[in-house]
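Please look over the sequence and the structure shown below before reading on.

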Amino acid sequence: MAVTNDNIQSAQSPASILRLRSPNAVLYMLWGLFCTFMIIVALSDYVRGGGKRWWEPIFWESSAQLFGTGLLIMQRRLGNKYSKYVDEPVRWFGHHLKWLPLILITFVLLVYGARHGVYALLGETYYHDPWMFVFLYEAIKVSLFVCLWLGVIFSFESYAHLQDQQRHVLLMQRSLSEARVSQLAAQLRPHFFFNVLNTISALMHIDVARADRLLTHLGDLLRGSLVSTTQELVSLREELRLLELYAQIMLERYADRTTIQWKIDEEIL
């Protein structure tokens with residue numbers, strides 16, 4: 001009984017602590033903070049440079065962050081097929097980075113197209129560096145951005161994968177412990193019951209009072225065992241009470257050969 005409950009408790013406690021949690025909420029929160037920080041920095045630099053139209057840096061940075069948000073959402077939805085490579089970082093990053101050239105071209109076309117479109121609606125012209133320089137500059141910036149966030153995402157997925165493995169191992173340990181205890185119980189209980197019943201049968205003809213005590217102890221032990229097997233955690237006091245019942249049965253069976261002394265500190269109960 002003690003082994004059963006201890007094994008179950010030791011297998012469950014870490015599992016309850018290491019529940020697998022989705023990293024999406026934390027990732028989106030970090031992304032929101034990152035976007036806010038980038039907009040504040042862009043606005044601050046623009047104002048320090050003597051700019052007066054405060055909405056421009058906000059619009060410029062927001063258009064880029066909007067594309068990044070879409071990219072992050074797409075990665076979270078479509079990146080699950082690459083999760084199986086989380087144990088192989090090179091392959092995991094390789095599968096994500098193979099889309100980088102397409103991301104670079106799409107970023108320039110969509111973001112700069114949106115900027116030109118909004119300025120045109122306002123009756124203005126959006127000026128920027130020559131396209132060759134724009135592609136080179138944005139390629140470096142977007143590549144750094146993608147690598148940075150892939151590193152963050154990989155760390156979250158690695159941790160989630162580790163949690164999943166630990167939970168799987170703990171569940172296997174619990175199942176193995178339960179199987180071992182069940183096998184042991186199946187081997188011990190019939191042998192124990194048959195011996196006690198044989199002892200009671202023999203005592204009924206020579207010492208009825210002793211046989212009655214033995215039968216009462218056996219009934220109490222069975223009742224207590226049935227109750228405790230439905231619980232995953234049993235107090236030390238209850239466990240010792242069952243042990244005392246078992247010991248009393250052994251004393252009745254081997255009264256002339258066995259003595260037991262209990263030394264238990266009440267504070268630990």
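## Helix packing and aromatic pairs

Helix α2 passes helix α3 in a right-handed crossing, a crossing being right-handed if the near helix is turned clockwise from the far one by less than a right angle, and left-handed if anticlockwise. The model is a predicted one, in which local features need pLDDT of at least 70 and side-chain atom pairs count only at pLDDT 80 or more, while totals for chains, interfaces and linings use all residues. Residues are numbered from 1 along each chain as its sequence is written, and side-chain values use heavy atoms, with hydrogens and water left out.

The axes of α2 (residues 24-48) and α3 (residues 55-78) come within 9 Å and cross at roughly 160°, where axes are lines fitted to C-alpha atoms over the stretch in contact and angles run from 0 to 180 degrees between N-to-C directions. The two helices are therefore roughly antiparallel to each other, the term for angles over 145 degrees. Where they meet, with contact meaning heavy atoms within 4.5 Å, α2 contributes residues including W31, F34 and M38, and α3 contributes residues including W60, Q65 and L72. The residues of this contact divide into 15 nonpolar, five polar and three charged.

The structure holds 17 aromatic pairs, counted when ring centres of Phe, Tyr or Trp (its six-membered ring) lie within 6.5 Å, with planes under 30 degrees apart called stacked, over 60 edge-to-face and the rest tilted. Two of the pairs are set out here.

| Pair | Centre to centre | Angle between planes | Kind |
|---|---|---|---|
| W31 and F145 | 5.6 Å | 55° | tilted |
| F67 and F107 | 5.2 Å | 75° | edge-to-face |

W31 in helix α2 and F145 in helix α6 (residues 131-203) are 114 residues apart, and their pair links distant parts of the chain. W31 is buried, with a relative accessible area of 5%, whereas F145 is partly exposed at 21%; buried means under 20%, exposed over 50% and partly exposed in between, with a 1.4 Å probe and protein chains only. F67 lies in helix α3 and F107 in helix α5 (residues 100-121), so this pair ties together parts that are 40 residues apart in sequence, and both F67 and F107 are buried. Ring pairs also link residues into a cluster, among them Y46, W60 and W131.

Over the whole chain, the secondary structure comes to eight helices and zero strands, assigned as DSSP runs (H or I, at least four residues, for helices; E, at least two, for strands) numbered from the N terminus. Buried residues make up 29% of the 269 residues.

Technical notes: Parallel < 35°, antiparallel > 145°, perpendicular 65-115°, else oblique. Nonpolar A, V, L, I, M, F, W, Y, C, P; charged D, E, K, R; others polar.
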